[in-house]
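Here is a short briefing to read alongside the model. Please keep the viewer open as you go through it.

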Amino acid sequence: MSEPLLEVENLQTTFATERGDVNAVDGISFQVEEGEVFGIVGESGSGKSVTALSIMQLVDAPGRVEADAVRYRGEDLLDASENEMQSIRGGEIAMIFQDPMSSLNPVMTVGEQIAEVARHHGEYGESTGFWSEMKRKYVTGTGSDSRSWRRAVELLDTVGIPDPEQRAHEYPHQLSGGMKQRVMIAQALAADPSVIVADEPTTALDVTIEAQILDELLDMRDEFGVSVVLITHDLAVVRETCDRVAVMYAGELMETAPTNTLFEHPSHPYTNGLLRSIPKVNDDREWLDSIEGNVPSLIDKPAGCPFQDRCDSAFELCDKPLVSYPGEGAGHEVRCHLYNDAVEVDGQEVVGVANDATEIIENKNEAGRSVGGESL
Amino acid sequence: MSTTDRLLNAVDLSGRRVFGIRTDLVERFARVLGRDLRAQIGFTIVVLFLLAAIFAPEFAPYDPMAQEYGILQSPSLSSGHPFGTDSFGRDMLSRLMFGARISLAVGLGAVTFGAAVGIVVGMVAGYYGGWIDDLLMRTIDVMWAFPWLLIAIMLVAIFGQGFWNVLFAVGFAYIDDFARLARGEVLAIREEEFTMAAKSIGLVDREIIFEEVFPNTVAPLIVQFTVFSARAILAESTLSFLGLGVKPTTPTWGALLGQGRGFITQAWWISIIPGIAIMITVLGINLFGDALRDAFDVKEADDT
Amino acid sequence: MKRYLAKRIAHSFVVIYVVATTVFFAVRAIPGDPARMMLGGDASAEAISALRQEMGLNQPIYVQYFRWMAQIATGDLGQSIFTDQTVIARLVGVAEPTLSIAALGMTIALLIALPAGIISAVHQNQIEDYLATIISFLGISMPGFWIGIVLLITFADLFPLLPAFGYVSIGEGVVPWFQHVILPALAVGLPYGGILMRMTRSSMLEVLNEDYMRTARAKGLNSRLVLFKHGLQNALIPVVTIAGILLGVLVAGVVAVEIVFGIQGLGRLLIRSIERRDFPVIQGAVIVISFVFVFMNLFVDMLYTAINPKIAYGGRE
């Protein structure tokens, strides 16, 4: 296998608050290959958005990002200087945010918001110095025949906005929600990045528009070979678009697998709970299945699996720190002690636990948090 | 936990009414005091000045009008006049304390007047909408953002000087802002579910406005009140300084300042010290208001 | 956009008309007979009556009103009761100092408030913020005329650097003009600037937390660019609004400061005229001040339209 495009190893992001440290992301590891759509799915508060921001080093105090490594094309981003990060952001890894209404600048034309990305990361021969930009913003505007502007118009066309020359001169509030999100995509593509991180790109949109936007993202992958990290809470979206998926809960990964494997052989009790709770068209249940209980507090998390208090299959090993176990298919990893070899399971009910199960886990932990080390 | 927090947790007052005032608002108020340094400083200052004003007759060392002819004293502790005297030999400290009564009374009274009229107008306009809204707001609009001083001067010129006239003249300028604020709040709340719920169980309009709508809009109004109190005190001092305030012989802070104008080089304290008093009072109110504004400003918690 | 502009101008004229009418009746409501005041306490009843007849004060009020309205329309604001000048001449003679102080005061306020507010917001809760906040709090807590007195004592008495009283027209030299105008302008500008600084700070703080700032950073722009290219204009929108609303504070400040520094300006003229019941001058002064005020508000409105594209280009979804 070639080197993965993006490699995250043991990412931990903590926020210091008055009440204690919030472990928003607590030891995440995953990889994204070139040209794949990788989904991160989880409920609100699971830490998925923070993960995205942490990779881009956009987390501000009082947040702290720590990891064994966050590698893009082999280079550890954590070692990068701010200048280097600025050239990576937008230029190599671009990000799309959830609410296009608030994520686009209301006092700048849509065209300029796209053009400036091209200008700053590409070779357009246009000055990007502070005073040139000030002049461009407040005095002269960006010339419609400048190369960066034309690139912006081109991109607006690519993402399917009709009448792009006209639209480029408009302001975000003059566009509909779907169009605004397309503008965000255009903005993200402007500098030919290799990865687009999309944080809940369709949550704020109508279902019909959602389908169009997702198609748009897939087109980007197909036409330009861009990898997409798609963050969402919607399993249906994952099913439609992602090649591989990671399920997050309370800042930790629960299960990682190729999409089909996840839906056909869901292994983690949490994943099962999620899948069961989706109402289906031919459902004749009277009551919706939900997972009882609430997400645990992220401050001073209790040891072990964060899901244990809500899990039907919880047993003695659950308060030991989680370790990654192989799942049912290729590339399938589950972080649940039910899958420890020394545990006997019938369905998902624990039938017997070997005495040395705890030892095995503790040994693994002593060798360093070996999350992500157990793939086939 | 601060002491205030402990006390408040011991006595759970949420949702109850004592003498018709919702106790959870009082509780919030006390919490702000307990936590925010600005609130503490501001509140202390204001209370001190209020006490000085209220108990001036008891504590002022001299009769503010008593003249010792021709003796112009500079401030000194030994002479018994810590803030000196004016050109008629009247003790400045006593005059300041008595001045506080009027300056504070006019200031706070003016805002109360403006608030009372403005809030009622705004709530009615917002609640009923339609032509009532148009009529009321247009009337108020003409005066909007107009220089308050012009209006106040004209009012005083027409109706004469005197405590109540000045109070209304100053307060007039605040009617508009309170009306807008109240109207905006009502418009926002009117559409909220609990108003519809209240209507559906048959509460009468007036009851809805005062029992349901008003308590929820109180917070910004309180903040506005403090902001304007500061301005009103400054406004009264400006009018008095110009000779258009409460009767010229009365020692309000602004008037004292005005009296000292002719003696700036010889007796700087006559003008400077009342100004300091005004400044400290207004500063206290501003600090307190700022703390209140921060406390009532509920920002949503970040979503991870 | 043009329609908006036309609407605002029309609205301004309506306001001026209402003001003029209100002033007319308000002034007539002021107790005191100008004829009697002019002639003095022991004038005979016939003399007073004759003077009143001459001044047109005996006619029915609505006749006086229409006459006056007609006069205004032709630009004639009448004759001062107490001096020989026409009202217009009187007003023009005193306008320059007032405008100078107001303009310079406003400029000072902006020059201080905007940078201070931005710095405060960017360095929130650090030393720069605390210093700027303390200064702005002091500025908004001190009466403008008191600041004037303090400045007067400091710079004209303790350290005799600047002249204490009076005004010198700019036509007679920029330096003397500046020397006379700087202290009053400071006294007017500091309180106004203090409020603007607070507003700039809080507005900037809000903008810094907005999503689009995060997007700008995610695009790889450096922090200075993000602040000034993406943030600044958004932050200024509420500041411009409040600068307009608070023009009343500016006007009040100028009036009081003119008294402190003994400057023969519009404000001082107004106060004196009220004392003397010089109706035409009072009316004229109020109208002129209102006119300037409405015009300044219109200017602020235009500025607001320029920086907030949502007004100029309505939503089209």
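The contact between chains C and B takes 32 residues of chain C and 28 residues of chain B, where two residues are in contact if their C-beta atoms, placed from the backbone, lie within 7 Å. Everything here comes from a predicted model, in which local features need pLDDT of at least 70, side-chain atom pairs count only at pLDDT 80 or more, and totals for chains, interfaces and linings use all residues. Residues are numbered from 1 along each chain as its sequence is written, while chains are lettered from A and ligands numbered from 1 in the order in which they are written.

**Chain C against chain B**
- On the side of chain C that touches chain B, helices that each supply at least two residues include H1 (2-29), H6 (127-141), H7 (144-158) and H13 (279-307) of chain C; helices (H or I, at least four residues) and strands (E, at least two) are DSSP runs, numbered from the N terminus.
- H10, H11 (247-260) and H12 (266-276) of chain C also each give at least two residues to that side.
- By class, this side of chain C has 27 nonpolar, four polar and one charged residues (Ala, Val, Leu, Ile, Met, Phe, Trp, Tyr, Cys and Pro count as nonpolar, Asp, Glu, Lys and Arg as charged, and the others, Gly among them, as polar).

**Chain C against chain A**
- Here 24 residues from chain C meet 28 residues from chain A.
- H9, H10 (223-245) and H14 (309-312) of chain C each supply at least two residues of the side that touches chain A.
- H10(C) gives the largest share of that side, with seven residues.
- The side of chain C that touches chain A divides into seven nonpolar, seven polar and ten charged residues.

**Helix packing in chain C**
- The axes of H6(C) and H8(C) (residues 174-208) come within 7 Å and cross at roughly 135 degrees; axes are lines fitted to C-alpha atoms, for helices over the stretch in contact, and angles run from 0 to 180 degrees between N-to-C directions.
- That angle makes H6(C) oblique to H8(C) (angles under 35 degrees count as roughly parallel, over 145 as roughly antiparallel, 65 to 115 as roughly perpendicular and the rest as oblique).
- H6(C) passes H8(C) in a left-handed crossing, meaning that the near helix is turned anticlockwise from the far one by less than a right angle; clockwise is right-handed.
- Among the residues making this contact are C:Ala132 and C:Gly139 of H6(C), and C:Gly193, C:Gly194 and C:Arg198 of H8(C).

**Helix packing in chain A**
- H8(A) (residues 177-189) and H9(A) (residues 207-224) pack at about 15 degrees, with their axes 10 Å apart.
- H8(A) and H9(A) are therefore roughly parallel to each other, and H8(A) passes H9(A) in a right-handed crossing.
- Residues of H8(A) including A:Gln181, A:Ile185 and A:Leu189 meet residues of H9(A) including A:Ile213 and A:Met220.
- The residues of this contact of H8(A) with H9(A) divide into five nonpolar, four polar and two charged.

**Chain A overall**
- Chain A has 13 helices and 15 strands.
- The C-alpha atoms of chain A fill a box of roughly 75 × 50 × 45 Å along the principal axes.

**Confidence**
- The predictor gives the complex an ipTM of 0.83 and a pTM of 0.82.
- Chain C averages a pLDDT of 83, with 94% of the residues at 70 or above; pLDDT is the predictor's confidence in each residue, from 0 to 100.
- Chain A has a mean pLDDT of 84, and 91% of its residues reach 70 or more.
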